[in-house]
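Q: I have this model open and would like to go through it in pieces. Can you take my questions as they come?

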Amino acid sequence: MTKFTSDRLLLFGATGDLSRRMLLPSLCALDAEGLLDPSIEIVATARSDMDDQSFRNFARQSLEQFLPANRRGGLATFLNRLSYQALDANELEGFKALAEKVGKPEEGLSIFLSTAPSLFEPTIRGLQSSGLAGPNVRIGLEKPLGIDLASSRVINDAVASAFPEERIYRIDHYLGKETVQNLLALRFANLMFEPLWNAAHIDHVQITVAETVGLESRVGYYDDSGALRDMVQNHILQLLALVAMEPPVSYDATNVRDEKVKVLRSLRKVNVSETVTGQYRAGAISGGAVPGYDEELGKDSNTETFVAIKAHIDNWRWQGVPFYLRTGKRLPRRTTEIVVQFRNVPHSIFSGRGAKTVPNRLVIGIQPEENITLSLMAKIPGLDREGIGLRSVPLAITMPDAFAGPQRRIAYERLLLDLIEGDQTLFVRRDEVEAQWDWIDAIRAGWDEQALEPKTYTAGSWGPSAAIALAERDGVTWHE
């Protein structure tokens, strides 16, 4: 693989919501910390009719709204890096002016493509026709990459016609989160966990991605997608792969992604009875009334806003260990966490009042707080004639406290820096995407075959009661 650091970064969709909230703030923060090369130029493009100065004004307003003041050091210098070229991706002629604005791609160019999926193919054609797809150009692709396996292959084939796999960076922003990366450090930099990280010692795993928000600005996309495609296909399956993967030979793009794809290919096809779908109706979030999904959408819809799945990985390490996955909108609180529930001790030597042992539990909080908590059994202080009293107590690591000083980062900071510098470790390979879609499509086909309709749940609750039953019939309680 040819390694090069980009001298130029080209942002498609530069006036969109993702750019305002994440991309521009991430780049500014990187620049303030001296992590961007002083000579790098950032060219922005979108359909909006702007010149360089009007885009810089747009960027300044975005940064003042979405980036804390203490992370905007050298703002004027960063804004001077920015230039802008208006472009309609469906008009091939416009790419000539874009190429002139970009300059010399042979000196190293990274492209971040954040556009509607319908624009992927014309954009790739335009990049090819204008010389912006040469050997020293790499491309980052923001999701969604299709709505099923077939459509994802169409997109990936179009991109592959201009860029080989080693220059394609498929983005799942969860992989840029510090605690997600810390999961690898926790597993593979500490001797105590890996010998226990298997079916002999782990009872089950839970992965929850909960949102309090409803549709917001994603009305059209979300109703065509639903929770299964929007969250499970990418974020949750990537978290599952990191939890379940075998130790890679080394921490590099090829070895890490090889192990992840083995997990994804080992996922057992799911029976419809091992899934629950839901759609929120009117309720209350944080004490305020919120409308139901159909009311927000403005029409009746069978799109699911909640999914719970009992998944299994058919390999030696995980045989018989259920993975309980759930995600939903309008849930009581915003949280993303992984819960690893260990088995109980095979025999307790303690007896008497309060001597019952409780299995150890590892909870990895990803958002909104980044923390790791391991529950351990400890003796209750004091004297008791009937024996030793036990209680489960937490051993907690809160990342901001453990590492005083570093700012909480936007996940895209890591990903943009890796795109510019050419490190694919935290990006998703094509065979991963296809393995994910293959599993998801089988679930969707089962729902369609049985004409499954989502169960209703009240906004502000933890989803349909059937999701609780999905776990509790195995003696498992969702961690809340």
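**Pockets, sheets and loops**

Q: Which strand gives the most to the lining of the second largest pocket?
A: Strand E15 (residues 371–379) does, with three residues. Strands (E, at least two residues) and helices (H or I, at least four) are DSSP runs, numbered from the N terminus. A pocket is found on a 1 Å grid over the protein atoms alone: it is an open set of points with protein on both sides within 12 Å along at least five of seven lines, while a cavity is a set where a 1.4 Å probe fits but cannot get out, and lining residues have an atom within 4 Å of a point.

Q: Before we go on, what sort of model is this?
A: It is a predicted model, in which local features need pLDDT of at least 70 and side-chain atom pairs count only at pLDDT 80 or more, while totals for chains, interfaces and linings use all residues. Residues are numbered from 1 along each chain as its sequence is written, and side-chain values use heavy atoms, with hydrogens and water left out.

Q: Back to that second largest pocket. What volume does it have, and which residues lie nearest its centre?
A: Its volume is about 340 Å³, a volume being the space filled by probe spheres set on the points, with grid points joined across faces, edges and corners. Of the 20 residues that line the pocket, Leu196, Phe342, Arg343, Val345 and Asn360 lie nearest its centre.

Q: How do the lining residues divide?
A: Into 13 nonpolar, six polar and one charged. Here Ala, Val, Leu, Ile, Met, Phe, Trp, Tyr, Cys and Pro count as nonpolar, Asp, Glu, Lys and Arg as charged, and the others, Gly among them, as polar.

Q: New topic. What is the strand order in the sheet of nine?
A: The order is E16-E15-E14-E13-E7-E12-E11-E8-E17, in an open sheet with mixed pairing. Two strands pair if DSSP finds at least two bridges between them. Strand E16 (390–398) and strand E17 (455–458) are at the edges with a single partner strand each, so one side of each has no neighbour in the sheet. From one strand to the next the twist averages 20°.

Q: In which sense do E8 and E17 pair?
A: Parallel, over four bridges, with E8 covering residues 275–281. Tyr280 stands opposite Tyr457 in E17.

Q: What lies across this sheet?
A: Helix H8 (residues 219–244) lies across several strands, including strand E7 (202–210) and strand E12 (323–328), and runs at about 145° to E12. Helix H13 (residues 430–449) lies across E8, E11 and E12, at about 110° to E11. Axes are lines fitted to C-alpha atoms, for helices over the stretch in contact, and angles run from 0 to 180 degrees between N-to-C directions. Contact means heavy atoms within 4.5 Å.

Q: What about the sheet of six strands?
A: This open sheet has the order E3-E2-E1-E4-E5-E6 and parallel pairing. Strand E3 (82–86) and strand E6 (168–170) are its edge strands, each pairing on one side only. Strand E4 (residues 109–113) and strand E5 (residues 137–141) are joined by five bridges, and Ile111 stands opposite Ile139 in E5.

Q: Where are the cis peptide bonds?
A: One runs from Lys143 to Pro144, with omega near 10°; Pro144 is in the loop between E5 and helix H6 (149–160). Another joins Gln367 and Pro368, with omega about 5°, and Pro368 is in the loop between E14 and E15.

Q: Last one: how many helices and strands does the chain have?
A: It has 14 helices and 17 strands. The radius of gyration is 24 Å, close to the 23 Å from the globule rule for 480 residues, so the chain is as compact as a globular protein of that length. That radius is taken over C-alpha atoms, and the rule is 2.2 Å times the number of residues to the power 0.38.
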